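Open your viewer and keep the selection tool at hand. We will go from stop to stop, picking out residues and strands as we go.

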Amino acid sequence: MGKGPGLYTEIGKKARDLLYKDYQTDQKFTLTTSSPTGVSITSAGTKKGDLFLADVNTQLKSRNVTTDIKVDTSSNLFTTITVDEPAPGLKAIFGFRVPDQRSGKIELQYLHEYAGISSSIGLTANPIVNFSGVLGTNVLALGTDISFDTKTGNFTKCNVGFSFTNADLIASLALNEKGDSVNASYYHIVNPSTNTVVGAEVTHSFSTNVNTITVGTQHALDPSTTIKARVNNAGKVSALIQHEWRPKSLFTISGEVDTKSIDKSPKVGLALALKP
């Protein structure tokens, strides 16, 4: 476990990654190349049905400054500049998108032994201001995540979360959507030597009185191969197998079956990430 409670986005993240990360029903290819001077180029292509999406991301690193420039097939240009440690524990992030002149945003993150703070503001005449803060330790943490629209004078987001962490178990509870929904998650390491993990997430919406329950697990067949599976109360069952055939180069096959509509064909996704 690291020092400090971390940022608000880390509350429940382990369970979310277990249940949702790397599952997909599309075909995706990613190639990353890098140079000794600190320049890396990542080309990615995704086929979604009859639609093909692609982007190229160039990353330049110079001391504590990282610049990411991404161009996609819709002719959008995304630029993010990250400055690590301009002061102890501080990170500054500036991002914008061309041709959207209202997309500029500045974000500051601060990590302390007993706190984690993130604040951002849009670079417009009437910006949306975001603030999240977490107090506690690497064992117990309590935080909030809010957004305020200065144009309308309304809070567009107001969430509160709590997490408990020990060596092999992480539990979290969050009240989201201005109190309209509650989310609880559980992540448990059963066997560290085989990376065997189980987890669950339960969400209840007060306005619709609908519950969403997802349960999942993962297990390492060997140091390079991992299998994962999940099922939810809507009857959808998913599984994947991921093989790291060389460091940071991954091949993933995933599939999903709707048990309430057996007549429908299963969805299959493939992902290949190469990093020479």
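In which strand does lysine 61 lie? Select residues 51-62: lysine 61 lies in this strand, S3. Before going on, note that this is a predicted model, where local features need pLDDT of at least 70, side-chain atom pairs count only at pLDDT 80 or more, and totals for chains, interfaces and linings use all residues. Residues are numbered from 1 along each chain as its sequence is written, and side-chain values use heavy atoms, with hydrogens and water left out. Strands (E, at least two residues) are DSSP runs, numbered from the N terminus.

**Stop 1: around lysine 61**

Show the contacts of lysine 61 (contact means heavy atoms within 4.5 Å). Leaving aside neighbours within four places in sequence, lysine 61 is in contact with Thr37, Gly38 and Thr66. Now pick threonine 37. Threonine 37 is 24 residues from lysine 61 in sequence, yet the C-alpha to C-alpha distance is 8.2 Å.

**Stop 2**

Two strands pair if DSSP finds at least two bridges between them. Find threonine 46; leucine 53 in S3 stands opposite. Next, go to the turn. S2 and S3 form a hairpin with two residues between them. Glycine 49 in this turn has a positive phi of about 65 degrees.

Now select residues 65-72, strand S4. Aspartate 55 stands opposite aspartate 72 in S4. This hairpin also has two residues between the strands. Here arginine 63 takes a positive phi near 55 degrees.

While strands are on screen, remember one rule. In a regular strand the side chains alternate between the two faces of the sheet.

**Stop 3: threonine 82**

Is threonine 82 buried or exposed? Threonine 82 has a relative accessible area of 14%, so it counts as buried. Buried means under 20% relative accessible area, exposed over 50%, and partly exposed in between (1.4 Å probe, protein chains only). Threonine 82 lies in strand S5, residues 77-84. Not counting residues up to four places away in sequence, threonine 82 touches Asn64, Val65, Thr66, Lys91, Ala92 and Ile93.

**Stop 4: serine 172**

Jump to serine 172 in strand S12. Its relative accessibility is 9%, so serine 172 is buried. Which side chain joins serine 172 in a polar contact? It is that of serine 185, at 2.4 Å. A polar contact is a pair of N or O atoms within 3.5 Å; within protein, one must be able to donate a hydrogen and the other to accept it, and residues adjacent in sequence count only if both atoms are side-chain atoms. Beyond four places in sequence, the contacts of serine 172 include Ile11, Gly12 and Phe162.

**Stop 5: proline 266**

Select proline 266, in the loop between strand S18 (249-258) and strand S19 (267-274). Proline 266 counts as exposed because its relative accessibility is 53%. Leaving out residues up to four places away in sequence, proline 266 touches Glu256 and Val257. Proline 266 and serine 238 are 28 residues apart in sequence and 9.7 Å apart in space, C-alpha to C-alpha.

**Last stop: leucine 140**

Finish at leucine 140 in strand S10. With 43% relative accessibility, leucine 140 counts as partly exposed.

Key:
Helices (H or I, at least four residues) and strands (E, at least two) are DSSP runs, numbered from the N terminus.
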